[in-house]
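Have the viewer ready and follow along.

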Amino acid sequence: MHTETPADGDIVVRLEKASRVYNPGENEVRAMDAIDLEIRRGEFTALVGPSGSGKSTLLHCLGCLDAPTSGRVTIAGQDVTQGLTAAQRGEIRNRSIGFIFQSFNLIPVLTAYENIEFALQINGTLNARQIRERVDEMLALLGLTTQRDRRPNQLSGGQQQRVAIGRALAKRPALILADEPTANLDRKTSEDIIALMRRMNEQLGATFVFSTHDEHLMGHARRIVRLTDGRIVGEEKRVPAPESGSHD
Amino acid sequence: MIDGYLFRLAVRNALRNRRRSLFTLTSILLGVSLFIVSRSFVDGIDATLIAIEVDNESAHVRVVPRDYLAEEDYQPLDKPFPDTSALAATLSAVAPGTRVVDRVSFAAEVGDGRRILRCRGLVVDRDAYRAVFPVGEMPVPPGEEPYLWGGAGIAETFRWKPGDRIFLKAKTRRGTLNALDAVRFAGAIATGHPLVDNYTIVLPRSIGAPFLDLPDGFATEVLARFPDPMLAQAAEARLETPDGPVVVETWEERTRDFREVNQIRRAAFNIVVGLILLMAAAGVANTGLMSAIERTREIGTLMAIGLTPARVRRLMTIESLVIALVGAALGALVGSVVAHHFAVNGLHFPELQQAESVALVPPVLYFDLRLATILQGAAFGLGTALVAALWPAFRAARLSPIEALREDD
């Protein structure tokens, strides 16, 4: 059993020699190869690299959607490497992780308000009044108060992604994972979304890890982790570019 | 709290593909309504035929001398009860409110001078008979002339009208032939029971006893009607012993044959309903499966944001059950309305009741709609849908969130 040192208190996710191998044997694909990575509370980290470099697999392992075939993954102090049931993984995601998807993935039959509310309902830690207050607060932060009763097909791409960010953030998870969050957005909307993520990172102290090809988004990251062929080939810490986005 | 939310989500999801949901809903509606209508129809046959038999022919119990039973078809007059009054007293003691009547059954011939019909004659005390059998007025004509009542079918055959004079012939208790050539027709007895309507004439005891040379208290059958039909078994237990002097036939024994035939009808209807519900089950399973396939990515998203497999399963099951619940409720409503209509107005089969037939076919069949039938129908519909919903729900819950999220929109 791993014992955390006092300095580990800030570590949200830790990967130790984590590998993910598909089709072990002749047609083996090493999507992740002995990765060591620590994500600390409040970080705004970009995973960059060409297609097939292992960004998505790493995000999946960080998000408890997948498990490494060797090595170890710890999320919020809990070893999630192997031996967990689908329900236990679901509970960890529910408790500790928020997801933002490239295609927004909002529930089409729910309004903007309800999409955020639903995540809190699943989370189950707040009562009805607290949920109402939290959703209202999120909608105000996202600048979506007037769109609260619209369904996803009545919202623009940028507005949908804001709702998705609100859904991911509302339960105050230890970690927010975003898979190419600006890939389906135009330049202007991308800037807004990046600015929003930055603001959430700074105002709420939310920890973001996102994969991206977007140079502009990369420019806002405080830490960039470069991947190639499933390995971390470079890492840099930097001062992010100033915010330039505005609300829709 | 989350369950309420899952229900709300399930309702909206059920409305997403309205045409498919409507098809599934309709098949459940059909299955449930057909179950209620067919079950009420068959129960109605039972209830109607039992009522006709009990109300017009054999009451709740019919008691005959043991040696009479074997020769009953010949309606012998030489095998009466040894003590009719003691028997009547025993029956009356079964429960307060029990009504008892005795009667003499004999072989008769009636005619109008041109035609003769062999039929069953009954000799009864009119008031006691009407207390047991609600057969209508049985009017008594004025004057001293002998009279009889005839079944409505015989009256129609001979075109008798009240006051018409009838020829009557029968063997007396002593075996001699006796005849009356001018018995007045007092009125028709219309019961719906073919044996009574098409083959029975009834004489008051004041005329029948001297005509057949019967002593006081002579009877070939004793019949009783209880406040509760189920008391028939108690009466049987009191009166009938192995090799004892009398045989007791309860209404259940008298109606066993057609109730058994009805069981076959019931089974046949159940097969048809089962096939429709099987179609409904296929619809539910198909709807659930298509929904799970079309929404794979959405299910992956739900799992990614923390919905556990058990809750995914519950969500998908509730979606199917919402459709099934509406279908079953509408099916129960439609089935009940149809069955209630026929329970009140009856289903008319005039062509089925033939003159000169003794087959027990009611001219009007009243459906017997019971709350238990409605509840059973709805429960079968919901149960079928639940079973059918489980497979797609389990399939959706077993999805890998990564694979699901990779699905194209």
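Start at Asp43(B), which sits in helix 2 of chain B, the helix spanning residues 18-58. Keep in mind that you're looking at a predicted model. Is Asp43(B) buried or exposed? Its relative accessibility comes out at 7%, and because the cut-off for buried is under 20%, Asp43(B) counts as buried. So what does Asp43(B) touch? Leaving aside residues up to four places away in sequence, the contacts are Arg266(B), Asp368(B), Arg370(B) and Thr373(B).

Now move over to where the two chains meet. On the chain B side, 25 residues are in contact with 31 residues of chain A. Together the two chains bury about 2500 Å², with 65% of that on carbon and sulfur atoms. Which residues of chain B lose the most area to chain A? They are Tyr5(B), Arg12(B) and Ile305(B), and together they make up 27% of what that side buries. As background, accessible area lost when parts come together is a figure often used for the size of an interface.

For a look at a salt bridge, zoom in on Glu114(A) and Arg8(B), where the closest N and O atoms are 3.1 Å apart. As for which helices of chain B are involved, helix 1 (2-14), helix 12 (296-304), helix 13 (309-345) and helix 15 (401-406) each supply at least two residues to the side that touches chain A. Helix 1 of chain B gives the largest share, with 7 residues. Sort the residues on that side of chain B by type and you get 14 nonpolar, 4 polar and 7 charged.

Finally, step across to chain A itself. This chain has 7 helices and 10 strands. Along the principal axes, the C-alpha atoms of chain A fill a box of roughly 55 × 40 × 40 Å. How does the radius of gyration fit a compact globule? For 248 residues you'd expect a value near 18 Å, and chain A has 18 Å, so the two agree. Of those 248 residues in chain A, 57% are buried. Look at the contacts in chain A with a separation of 6 or more, and 68% of them are between residues 24 or more positions apart.

Conventions
Residues numbered from 1 in each chain as written. Chains lettered and ligands numbered in written order. Predicted model: local features only at pLDDT ≥ 70, side-chain atom pairs only at ≥ 80, totals over all residues. Heavy atoms only, no water. Contact = heavy atoms within 4.5 Å. Buried area = accessible area lost by both parts, 1.4 Å probe. Salt bridge = Lys/Arg side-chain N within 4 Å of Asp/Glu carboxyl O. Helix = DSSP H or I, 4+ residues; strand = E, 2+ residues; numbered from the N terminus. Nonpolar A, V, L, I, M, F, W, Y, C, P; charged D, E, K, R; others polar. Rg over C-alpha atoms; globule rule 2.2 N^0.38 Å. Buried < 20%, exposed > 50% of the residue type's maximum accessible area, 1.4 Å probe, protein only.
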